[in-house]
Amino acid sequence: MAEADQDAWASHLAEYSALRSEINTRISLQHQVLALHMTAVSVVLSVALSGRSRWPVLLVIPFIAYTSSEILASLFRTVEGIAKYIDEELSPQVPGGLGWEAWLVRQKPASEVQKITHPYYLLFPGISILSLLAIFPFVWSGRANNHKPEISFWIVASAWPFAAVFTVLSFKAIRRLRAPF
C-alpha cells in the first residue's frame, strides 16, 4: 500500500469526520426547533384554554407549525445533501466504503401507513388540524347568529382559510423530510 494512498484515505476519513460533525450539529438544531415548536404551541394552548373568548388565538398554531416544519425541513435537506455527498462522492474513495448513509436510506419504511403515522405528523399538521377544528364552531356560531357579528368574528373567519392553507403546507414540509420515515 502506497503512502500516497494512505494519505488520501486519511484525508477522506478526516473529511468524513468533519461532515458527520456538521450532520450532528444540524440534528442538534432540529431538536432545538422541535423544543421551541412544542413550547410555542403549549403557550398558545395555555392562553386559549384560559377562557372561551380566547379560543381564536388557536389560529396562531398553524402558522407556528408551518414555520417550524419548514425550518425543520430545511435542516433535513442540508443533512440529506451532506449524506448524499458522503454516500456518492466520499464513500467510493475509501476502501470498504462508508456504508452508514446508504444503510440509512435502506431503512425507510416501505408502507405508506408506517410513514404517515410518524409523530411529526401529529406535532405539525396534526395539531394545526385540531386547532382549526376547535375554532370552527366559533366561526360557525358567529355566522348563525341573527345579530350583526362582531369584528372579532370577521378577523377569525378571514384568518381561518389562511390557517388551513398553512396546515396543508406544514404537511407538505413534513413529507419532504429525510428522516427514516
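The following legends describe close-up views of one predicted model.

Residues are numbered from 1 along each chain as its sequence is written, and side-chain values rest on heavy atoms, with hydrogens and water left out. Because the model is predicted, local features need pLDDT of at least 70 and side-chain atom pairs count only at pLDDT 80 or more, whereas totals for chains, interfaces and linings use all residues.

**View 1. The largest nonpolar core and the surroundings of I135.** The largest nonpolar core has 14 residues, and L58, L59, I61 and I135 are those with the most contacts inside it; such a core is a set of buried Ala, Val, Leu, Ile, Met, Phe, Trp, Tyr and Cys residues joined through side-chain atoms within 4.5 Å. Two or more residues of this core come from each of helix 1 (3-49), helix 2 (60-90), helix 5 and helix 6 (151-175), helices being DSSP runs (H or I, at least four residues) numbered from the N terminus. Helix 5 gives the largest share, 4 residues. When neighbours within four places in sequence are left aside, I135 is in contact (heavy atoms within 4.5 Å) with W55, P56, L58, L59, V156 and W160. A second, separate core of 13 residues includes L72, A73, Y121 and F124.

View 2. Apart from its neighbours within four places in sequence, H37 is in contact with I64, A65, S68, L123, F124 and I127.

**View 3. The aromatic pair of F76 and Y120.** F76 and Y120 form an edge-to-face pair, with 6.4 Å from centre to centre and 70° between the planes. Rings of Phe, Tyr and Trp (its six-membered ring) pair if their centres lie within 6.5 Å, and planes under 30 degrees apart count as stacked, over 60 as edge-to-face and the rest as tilted. The pair links distant parts of the chain, since F76 belongs to helix 2 and Y120 to helix 5, 44 residues apart, and both F76 and Y120 are buried. The whole structure contains 6 aromatic pairs, and ring pairs also link F63, Y66 and F166 into a cluster.

**View 4. The salt bridge between E22 and R26.** The closest N and O atoms of E22 and R26 are 2.7 Å apart, and a salt bridge is defined here by a side-chain nitrogen of Lys or Arg within 4 Å of a carboxyl oxygen of Asp or Glu. By this rule the structure has 1 salt bridge. E22 and R26 are separated by about one helical turn, because they lie 4 residues apart in helix 1. E22 is partly exposed, with a relative accessible area of 28%, and R26 is likewise partly exposed, at 23%.

**View 5. The nonpolar surface patch at I129, L130 and L133.** I129, L130 and L133 make a nonpolar surface patch of about 290 Å², with accessible areas taken from the Shrake-Rupley method with a 1.4 Å probe and, for residues, only the protein chains shown counting as cover. Patches are made of residues with over 30% relative accessible area and no salt bridge, in which like charges are joined within 9 Å and nonpolar side chains (Val, Leu, Ile, Met, Phe, Trp, Tyr) within 5 Å. I129 lies in helix 5 (residues 119-144) and, at 42% relative accessibility, counts as partly exposed.

Definitions and conventions
Buried means under 20% relative accessible area, exposed over 50%, partly exposed in between (1.4 Å probe, protein chains only).
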